[in-house]
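Colleague: I have a new model open. Show me how to read its core, then its helices.

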Amino acid sequence: MAVELVRIDDRLIHGQVATSWIRTLSMEQVIVVSDVNAGDPLQKKILNMAAPDGIKLHLFATDEFIEIYSSNPIKRKTMLIYTNPIEVLRCLKGGVKIDLLNVGGMKFTHGKERLSKSVSVTSEEKEAFKEIIEMGVDVEIRMLSNEKPTKLASLLT
């Protein structure tokens, strides 16, 4: 498997992702897994414009990605980007292998609990993170590739 990084970032592809992660890790493709964004042709255009030159971009709904993943091995150096842990958990339960989950930005909005400066969660997202960790996935918060990671488990109560 050539998945180099699995990240949650509700901003999807933006400056930090493009420069700190995609370029630093010499990614060849980015796969965005998001039920909300997969059905939005405008979002797909925006993502294609945000992706660095030479990077292949794919946008799939969660169930579609699980189906594709199970029958087509990923061969290119790939970054998977999700917007939330609920879809990550669905992928794990669907057979997608994830050893390390990097959490970048999950913005604070009304009704969310702030776990760190950059990560805020609903109660459902918090429970999804707990289940992901219980499944043996190492979950870290780290905005940039050169920062020291914080273990998300240490912030869950």
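Modeller: Start with the nonpolar core. This is a predicted model. Its largest nonpolar core holds 33 residues. Phe65, Tyr82, Ile98, Leu101, Val103 and Phe129 touch the most other members.

Colleague: Take Ile98. What is it in contact with, leaving aside neighbours within four places in sequence?

Modeller: Ile98 contacts Val6, Tyr82, Val88, Leu92 and Val137.

Colleague: How do I read a helix, say helix 5?

Modeller: An α-helix has 3.6 residues a turn, so residues three or four places apart point the same way. In helix 5, the buried residues are Pro85, Glu87, Val88, Leu89, Cys91 and Leu92.

Colleague: What sits at the start of helix 5, and what follows it?

Modeller: At the start, a side-chain oxygen of Asn84 comes to within 3.0 Å of the backbone nitrogen of Ile86. Gly95 follows the helix, with a positive phi near 105°.

Colleague: Where is confidence lowest, and where highest?

Modeller: Where pLDDT is low, the predicted coordinates should not be read in detail. Here the chain has a mean pLDDT of 92, and 98% of its residues reach 70 or more. Confidence is lowest in helix 1 (residues 15-23), at a mean of 75. It is highest in helix 5 (residues 85-93), at 98.

Terms used. Residues numbered from 1 in each chain as written. Predicted model: local features only at pLDDT ≥ 70, side-chain atom pairs only at ≥ 80, totals over all residues. Heavy atoms only, no water. pLDDT = per-residue confidence, 0-100. Helix = DSSP H or I, 4+ residues; strand = E, 2+ residues; numbered from the N terminus. Buried < 20%, exposed > 50% of the residue type's maximum accessible area, 1.4 Å probe, protein only. Polar contact = N/O pair within 3.5 Å; in protein donor to acceptor, adjacent residues only side chain to side chain. Core = buried A, V, L, I, M, F, W, Y, C linked by side-chain atoms within 4.5 Å. Contact = heavy atoms within 4.5 Å.
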